[in-house]
Amino acid sequence: MSSLMPRLDRVTRTLWRTTGRPVDLTGAHAWLDAPVHDGSVIGDAWLASAAARWGGHVREDVDGAGLLPDLTVLRRPRFQGRRPAPRRP
């Protein structure tokens with residue numbers, strides 16, 4: 001599966017470059033401008049650069065810090081916040 005993903009990524013990028021249209025990330029389409037990672041491994045390293053972009057910083061030493069206090073606040077009939085999906089090998 002891991003060898004398929006880079007190829008799939010290239011195909012989807014080619015598709016969007018061929019069929020898509022240009023957007024103005026500083027104007028009308030600014031809502032599309034989101035943080036992205038810049039390495040081959042997706043983790044939490046992007047948080048510091050995203051925070052710095054907006055003049056902030058990441059703090060891990062504050063009790064209760066974060067966007068959500070607990071995943072259970074997202075609980076819905078089809079989503080149980082206490083039981084995240086198992087990691088795939």
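Me: What should I know about the numbering and the model?
Reply: Residues are numbered from 1 along each chain as its sequence is written. The model is predicted, with local features needing pLDDT of at least 70 and side-chain atom pairs counting only at pLDDT 80 or more, while totals for chains, interfaces and linings use all residues, and side-chain values use heavy atoms, leaving out hydrogens and water.

Me: How many helices and strands does the protein have?
Reply: There are two helices and zero strands, taken as DSSP runs (helices H or I, at least four residues; strands E, at least two) numbered from the N terminus.

Me: Where does V23 lie?
Reply: V23 lies in the loop between α1 (4-19) and α2 (46-53).

Me: Is V23 buried, partly exposed or exposed?
Reply: V23 counts as partly exposed because its relative accessibility is 40%. Buried means under 20% relative accessible area, exposed over 50%, and partly exposed in between (1.4 Å probe, protein chains only).

Me: And what does V23 touch?
Reply: Not counting residues up to four places away in sequence, V23 touches H29 and L32; contact means heavy atoms within 4.5 Å.

Me: How far is V23 from D33?
Reply: The C-alpha atoms of V23 and D33 are 10.0 Å apart, and the two residues are ten apart in sequence.

Me: How much of the protein is buried?
Reply: Buried residues make up 3% of the 89 residues.
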